[in-house]
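Thanks for coming, everyone. I have one structure to show today. Let me put it on the screen.

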Amino acid sequence: MATSRPTKATAGGRAGRALAYLESAKNLTGSACALGGLALTFTGSAGAYWPVVVAGLYGAGALIAPPARPPAPQFPAPASQLDGLRKDVATLREYLTQVGLPPAATERLDSIRELLDGLLTPGWVSEALAQDPEGIHVLARAVHRDLPESVDTYVRTRWWTRMAPGGQDPEEQLVHQLALLHGELAGLVAGLREAEEIRQQTHTRYLEDRGTEST
């Protein structure tokens, strides 16, 4: 007949839990309170019921101790996200150099690249961007999806237009898409500028209030 025997993993798990409890705040606090009960016993204050006093103080200490909590997860810092975006922009730039685009689209792309460079160049601007999660999302979406999709669909549609003329002009569509993307990134820049203006105005009001209080 088979018998149930504790495995090494089970025994190790029990030992680990026991050790964790011994090191826990509940046990340490309860033990400290129990030591106080023993001190009362030695002074004769606990009387004949000293085991109950010691056990009660241990239980009270264990109850008032803060519960154990798992460590909070650590996620990549915003600055590391910007480092990844800089590499992705370099990859995107290499891709764009391989695509023949019309002059109007190239002009729009140059303007977008200037905005990307200004936002991602290491310094106080990128540090301000790192504090704006939504701004990082907008930037990543433009680099990872919107720009490559706009250019790639233009290349594919242009080939079909040459095979079967008469449809919508793919160049106009591309230029319009790039204009929308440029406007979105320009709005991001305007939002960061507005945040700095608010910060400046807040400091001005602080200095004005401090001057009023000192008079």
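Start with L85. Setting aside its neighbours within four places in sequence, L85 contacts L120, I136, L139, A140, V143 and H144. Keep in mind that this is a predicted model.

Now step back to the core around that residue. The largest nonpolar core has 30 residues. Which of them touch the most other members? They are L85, L101, L129, L139, L147 and L178. So much for the residues; now the elements. Two or more core residues come from each of α4, α5, α6, α7 and α8.

Next, the overall fold. The chain has eight helices and zero strands. Along the sequence the pattern reads α-α-α-α-α-α-α-α. The chain is 215 residues, and 23% of them are buried. Take the contacts between residues at least 6 apart in sequence: 72% of those join residues at least 24 apart.

How many cavities of 30 Å³ or more does the structure hold? One. The volume of the largest cavity is about 50 Å³. Its lining is V89, L92, R93, L96, L109, I112, R113, L116 and L147. Sort that lining by type and you get seven nonpolar residues, no polar ones and two charged. Two helices each supply at least two lining residues: α4, at 78–97, and α5, at 103–120. Look at L147 again. L147 lines the cavity, and L147 is also among the core residues that touch the most other members.

Last stop, A128. This residue sits in helix α6. Is A128 buried, partly exposed or exposed? Its relative accessibility is 22%, so A128 counts as partly exposed. The cut-off matters here, because buried means under 20%. What does A128 touch, beyond residues up to four places away in sequence? It touches L192 and E196. Take the pair A128 and E196. They are 68 residues apart in sequence. In space, C-alpha to C-alpha, A128 and E196 are 8.9 Å apart.

To recap: eight helices and zero strands, a largest nonpolar core of 30 residues, and one cavity of 30 Å³ or more. Over to you for questions.

Terms used
Residues are numbered from 1 along each chain as its sequence is written. This is a predicted model: local features need pLDDT of at least 70, side-chain atom pairs count only at pLDDT 80 or more; totals for chains, interfaces and linings use all residues. Side-chain values use heavy atoms; hydrogens and water are left out. On a 1 Å grid over the protein atoms alone, a cavity is a set of points where a 1.4 Å probe fits but cannot get out, and a pocket is an open set with protein on both sides within 12 Å along at least five of seven lines; lining residues have an atom within 4 Å of a point. Grid points are joined across faces, edges and corners, and a volume is the space filled by probe spheres set on the points. Helices (H or I, at least four residues) and strands (E, at least two) are DSSP runs, numbered from the N terminus. Ala, Val, Leu, Ile, Met, Phe, Trp, Tyr, Cys and Pro count as nonpolar, Asp, Glu, Lys and Arg as charged, and the others, Gly among them, as polar. A nonpolar core is a set of buried Ala, Val, Leu, Ile, Met, Phe, Trp, Tyr and Cys residues joined through side-chain atoms within 4.5 Å. Buried means under 20% relative accessible area, exposed over 50%, partly exposed in between (1.4 Å probe, protein chains only). Contact means heavy atoms within 4.5 Å.
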